[in-house]
Amino acid sequence: MQGYFADGELTILSEFTKHLRVGPSNLHLAYACPATLSHLQQMRSALRAEASAGHFCYCCVPPGAQWRRDAAPEPPTPSMTAPQRTKNEHFFQQWLIHAMVLFALAGFIGFTQYEEYHRIDTQEHERLTMQAEIVEKNLTPQLNLTKQVIDSVIDELAAWQAQGDHLRQVNHSLKVINNALIGIRPILVIGPDGRLVAGSDASMSSDNFHQNDCFQKAMRLADPQLLHLSAPPGNTAVPAAITLCRRISGFQGSFGGIVMVSLAPAYFSDLLDSVRYARDVVSSISREDGQLYMVSSRQSGAGTPGPLTGMAPGTGKKRMVAERLVPSGAATFGTTLRIAVSRDTEVLFAPWRHSLYVQSVLFGLVAVLSTLGLLIIQKRHRLRRVERKKTEKQIQQLAFFDQLTKLPNRILLLDRLKQAMKSSLRSGNHGAVLFIDLDNFKTLNDTLGHDMGDLLLNQVARRLVLCVRAGDTVARLGGDEFVVMLTDLHMNAEHAAAQVDIVGNKIRKELSQTYRLNQLTHRSTSSIGATLFMGNLTSIDDLLKQADLAMYKSKAVGRNALRFFDPAMEVAMLERAALETDLRDAVPCRQLILHYQPQIDHTGRVTGVEALVRWQHPIRGLVPPGDFIPLAEEIGVILPLGQWVLETACTQLLAWAGRPDMRHLSIAVNVSVRQFNQEDFVDQVLFALASSGADPRRLKLELTESLLVSDVDGVIAKMSSLKAHGVGFSLDDFGTGYSSLAYLKRLPLDQLKIDKSFVRDVIHDPSDASIAKTIIALARSLNIAVIAEGVETLAQRDFLARYGCRAYQGYFFSRPLTLPDLEAFVQRRCAATATAPS
């Protein structure tokens, strides 16, 4: 195969063959570089020639398998293959799912339309009933008022007749009553001959009421307590008055005339019109036998409904009717009135029928379009395999070029960089790699959209190509990251760096010019990191890492800058990696030691110590905790480290238990959040105590407030479990975290430790003084001991003691000490305490 390719193209071929797929009859080229396409075609022809001669065939093999030269291609079989059967089953499943979806959609539409029809019918019937009740509630009081007026007139009639000039007095009284009432016009007293005796309307004095329907009824029926209603008029188009009358008993029960009151037709016409909330609503008042008194005046040609049948006379249209009877169960009224409010069902359900028609049409369109769409999709699926073969020829560009910008991608960049390093080794000239990252590109994508981001990337790519020579390479790694490779620079490193600086600043300035993104104007900057290379002294991966580190340095100084790779960057990175490696070996190699800082009470007596870990590195010397504890937290070494501290402290407690001068001391051990959150943390502590034989009452675990951010109940459960075995707890750095007083009172704490940041300026800063006093008061109220750390002066100690703090820790008393120094310090303190005057 080497005969087909030049030396510079073998690397490309190695990448290409990862995506090479060959079959019995042809060689499929999934990816190919344009520079090698002609050679690949020649290789393809040669392979096909050998395959046709029966020498061998190529098949798709898994990685690591060998090519077989002794197998001949099997002839095709006419039976249906498994992929074809799978395809046909897939098509059948598609049609089945399509039919089920259409059926479900049709059922859903039918159900929703039925529910809507039922809702409209129920809602409208309730509304019509409510409107009829409104008319009833207005008409009933009016009828009762009319009855009361008639009764009062009959009761007062004898008294009026006994007075002198009684006719004038009666007329005046009736007029006063008539003016005081609304909707009653007029009040008349009619004699037995049908002529007007007295009335509130003087214009009717000449009228004869002998033929009046009410007069005739009252004259025929002898019951003086019965109220009579006038008969309905023949023409309901003109509102007519409803007249009520009552018989006046004469001498020995003879007919003495009637008292007649008419209800104003305008009042009831307005009442009927007020309940018409739609144009097709008709309201009416009729007798129980169906004879109409009046119908709402604004009917708009809707027709008058038959109150019992719900049909509009002469139209045949069905109407929805709601009826009420007035008065209901009143024996004093001779006639019952019927109130009817109705709607035309054709008008009422017209919107529903329109909605049903629209949804039916839409369902039909959906069914037709979805069926056509499925047919089209299946047809396209059949053609897709044919199109796929054509597409494979175009994919060759994707192997080595970015699809968006048409720039070389990472694979081609690595190959060209490898060739450039070889060329640099032969010529002695330097080369350079510039790593370019667009500043705030994500903001552009998030605000203007990815299409605008693509436009910007294309314009950036064109500007980069114009900034370099034809022999240089501009590549896009992905996202907003570009790499420029410069070749044939000066042999002197300083001169080569000056050349890179010129090109880099040219690129930076060019990329900072205004961009035109469709109708928008946009400005963007770039951060550039550069590194030089000569030969293959530095690997390609390290070269890109160096340029990447320099680019991040550009961002760190404020973006829109060019920075060269500084070996110090790599040194810092390597030092951190070395420190991480050494730290992982610190516990197994027994490089950790404990220092102890004494804790003093108000009498000067040493009551306990805090165990502080130190790293005795064989080369670096004594490493303070601030240099390695954060790294241990990050990489997870804090777990074995914390366990070692716990076990060492328990062992030391056992050793002190046999010494009278040391047995009273307790040891406080700091526990990290990650260590405490282990599921078996309680078991670890109890195992350390049991295996060492230490007294649990002398062990104190110092927790930080950050432990209380989440799962407070779990923290309390673990603390309570250990507390039951005698282990004490101290809340370290109190006041700097997130603890809540609600949780604080639930925690089984023995001690609060005032953070040294509050103690440092407690004499001079009123805020720190207030915080310290508050913590002391809080601890006293919760019956918790309090200790202050970071006490460095006598003034600080006296201030804390004055406000109730009785325990201290800090440089004023002692620095952290090794074990021998601590024991000597305790002995001196014991001696000083014993000799001190009581």
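Reader: What counts as a salt bridge here?
Author: A salt bridge is a side-chain nitrogen of Lys or Arg within 4 Å of a carboxyl oxygen of Asp or Glu. The model is predicted, so local features need pLDDT of at least 70 and side-chain atom pairs pLDDT 80 or more, while totals for chains, interfaces and linings use all residues. Residues are numbered from 1 along each chain as its sequence is written, and side-chain values use heavy atoms, leaving out hydrogens and water.

Reader: How many salt bridges in the whole structure?
Author: The search finds 23.

Reader: OK, K753. Which residue does it pair with?
Author: E702. The closest N and O atoms of K753 and E702 are 2.6 Å apart.

Reader: Where do the two sit?
Author: K753 is in strand β25 (residues 751-754) and E702 in strand β23 (residues 699-704). The pair therefore ties together parts that are 51 residues apart in sequence. Strands (E, at least two residues) and helices (H or I, at least four) are DSSP runs, numbered from the N terminus.

Reader: Is K753 buried or exposed?
Author: Buried, at 0% relative accessibility. E702 is buried too, at 1%. The cut-offs: buried is under 20% relative accessible area, exposed is over 50%, and partly exposed is in between (1.4 Å probe, protein chains only).

Reader: What about D472?
Author: D472 bridges to R469 at 3.0 Å, taking the closest N and O atoms. D472 is buried, at 9% relative accessible area. R469 is partly exposed, at 43%.

Reader: What does L752 touch?
Author: Beyond four places in sequence, L752 touches L731, F734, L744, I775, A779, I784, A785, V786 and I787. Contact means heavy atoms within 4.5 Å. L752 is in strand β25 and is buried, with a relative accessible area of 0%. From L752 to I776 is 8.6 Å, C-alpha to C-alpha, across 24 residues of sequence.

Reader: And which residues is L800 in contact with?
Author: V759, A772, I776, A788, V791, C805 and Y808, leaving aside neighbours within four places in sequence.

Reader: H617 next. Where does it lie?
Author: In strand β20 (residues 606-617). H617 is buried, at 6% relative accessibility. Its side chain makes a polar contact of 3.0 Å with that of D582. A polar contact is a pair of N or O atoms within 3.5 Å; within protein, one must be able to donate a hydrogen and the other to accept it, and residues adjacent in sequence count only if both atoms are side-chain atoms. Past four places in sequence, H617 is in contact with D582, Q591 and V623.

Reader: Is R246 buried or exposed?
Author: Buried, at 9% relative accessible area. R246 lies in strand β6 (residues 242-249). Among the residues it touches beyond four places in sequence are I150, D151, I154 and P224.

Reader: Zooming out, how many helices and strands?
Author: The chain has 24 helices and 27 strands. Of its 838 residues, 43% count as buried. Among contacts with a separation of 6 or more, 63% are between residues 24 or more positions apart.
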